[in-house]
Amino acid sequence: MKEIECPNCGAVFAAREDKCPYCGYINPLGAEAKFLRDLETTRKELDVVDDEVREDYKAEMKKGAKSTVKAVVIVFIILGIIIGGFIALEKALLNTDYDGNYADELIWQRTAYAEYDELLEAGKYDELMERIADDGEEHDVWSWEHYEEFTEIADELWGNDR
Ligand SMILES: [Zn+2]
């Protein structure tokens, strides 16, 4: 270990000391070395703090990303349920397996079924039979509420030859 002699009191002490341990005289080289050592210690401490802050930030970002993904998934599930519900409701309203445009079919059924009712009430079975046969190629005629009833009438009138 390098030693120096104090210019003030003549005592000998380690050159790395920032001041004379006997009289307190400032040792400029030792003081500078101590300052640099302290600076290095502070820098290392700051690095640790910096790393901790960075880790915390990363953890926060991860948490944020996770909750964003969670929120998106939940939104999709809710949308799926709503859309699924609408499709099920539409099918239930139509009471049919019809594969075309449900809304158009529903509108068609309201008009056509009313006309079927009128023909049935008027006893115009031939005309009704023809209508149903024609419409049945494109539309759901089987969901008409009197379809079964009319089938029985048709069976009586024309048997199984119709
Ligand atoms: Zn001294």
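Leu128 touches Tyr116, Leu119, Leu120 and Phe150, leaving aside residues up to four places away in sequence. This is a predicted model. Leu128 also belongs to the largest nonpolar core, together with Tyr116, Ile132, Val141 and Trp144. That core has five residues in all. The protein chain has 162 residues, and buried residues make up 6% of them.

**Overall form**

- The protein chain has four helices and two strands.
- From the N terminus on, its elements run β-β-α-α-α-α.
- The radius of gyration is 47 Å, well over the 15 Å that the globule rule gives for 162 residues, so the chain is more spread out than a compact globule.
- Along the principal axes, the C-alpha atoms fill a box of roughly 140 × 25 × 20 Å.
- Take the contacts between residues at least 6 apart in sequence: 26% of them join residues at least 24 apart.

**Domains**

- The domain assignment gives domain 1 as 3-89 and domain 2 as 98-158.
- The C-alpha centres of domain 1 and domain 2 lie 81 Å apart.

**The loop at Cys9**

- Cys9 sits in the loop between strand S1 (3-5) and strand S2 (12-14).
- Cys9 has 12 C-beta neighbours inside 10 Å. The cut-off for exposed is 12 or fewer, so Cys9 counts as exposed.
- Cys9 is in contact with Cys20, Tyr22, Cys23 and Tyr25, leaving aside its neighbours within four places in sequence.
- Lys62 is 53 residues from Cys9 along the chain, and their C-alpha atoms are separated by 63 Å.

**Helix H2**

- Helix H2 covers residues 102-122.
- At 1.5 Å a residue, the 21 residues of H2 should span 30 Å. The end C-alpha atoms of H2 are 30 Å apart, which agrees.
- Glu105, Gln109 and Tyr116 are buried in H2. Tyr116 is also part of the largest nonpolar core.
- An α-helix has 3.6 residues a turn, so residues three or four places apart point the same way.
- Gly123 follows H2 and has a positive phi, near 75°.

**Ala112 and Asp135**

- Ala112 lies in helix H2, while Asp135 is found in helix H3 (residues 125-135).
- Ala112 has 18 C-beta neighbours inside 10 Å.
- Asp135 and Ala112 are 23 residues apart in sequence. In space they are 8.9 Å apart, C-alpha to C-alpha.
- Leaving aside residues up to four places away in sequence, Asp135 touches Ala112 and Val141. Val141 is one of the residues of the largest nonpolar core.
- With its neighbours within four places in sequence set aside, Ala112 is in contact with Asp135 and His139.
- Trp144 is 32 residues from Ala112 along the chain, and their C-alpha atoms are separated by 9.0 Å. Trp144 is another residue of the largest nonpolar core.

**Helix H4**

- Helix H4 runs over residues 147-158 and has twelve residues.
- At 1.5 Å a residue, H4 should span 16 Å. Its end C-alpha atoms are 16 Å apart, which agrees.
- The number of buried residues in H4 is zero, so H4 lies largely in the open.
- Glu152 is found in H4. Glu152 is exposed, with 9 other C-beta atoms within 10 Å.
- Glu152 and Gly80 are 72 residues apart in sequence. In space they are 43 Å apart, C-alpha to C-alpha.
- Just after H4, Gly159 takes a positive phi of about 65°.

Terms used
Residues are numbered from 1 along each chain as its sequence is written. This is a predicted model: local features need pLDDT of at least 70, side-chain atom pairs count only at pLDDT 80 or more; totals for chains, interfaces and linings use all residues. The expected span of a helix is 1.5 Å times one less than its number of residues. A residue is buried if 20 or more other C-beta atoms lie within 10 Å of its own, exposed if 12 or fewer, and partly exposed in between; C-beta atoms are placed from the backbone. The radius of gyration is taken over C-alpha atoms; the globule rule is 2.2 Å times the number of residues to the power 0.38. Two residues are in contact if their C-beta atoms, placed from the backbone, lie within 7 Å. A nonpolar core is a set of buried Ala, Val, Leu, Ile, Met, Phe, Trp, Tyr and Cys residues joined through C-beta atoms within 7 Å. Domain bounds come from an automatic or database domain assignment.
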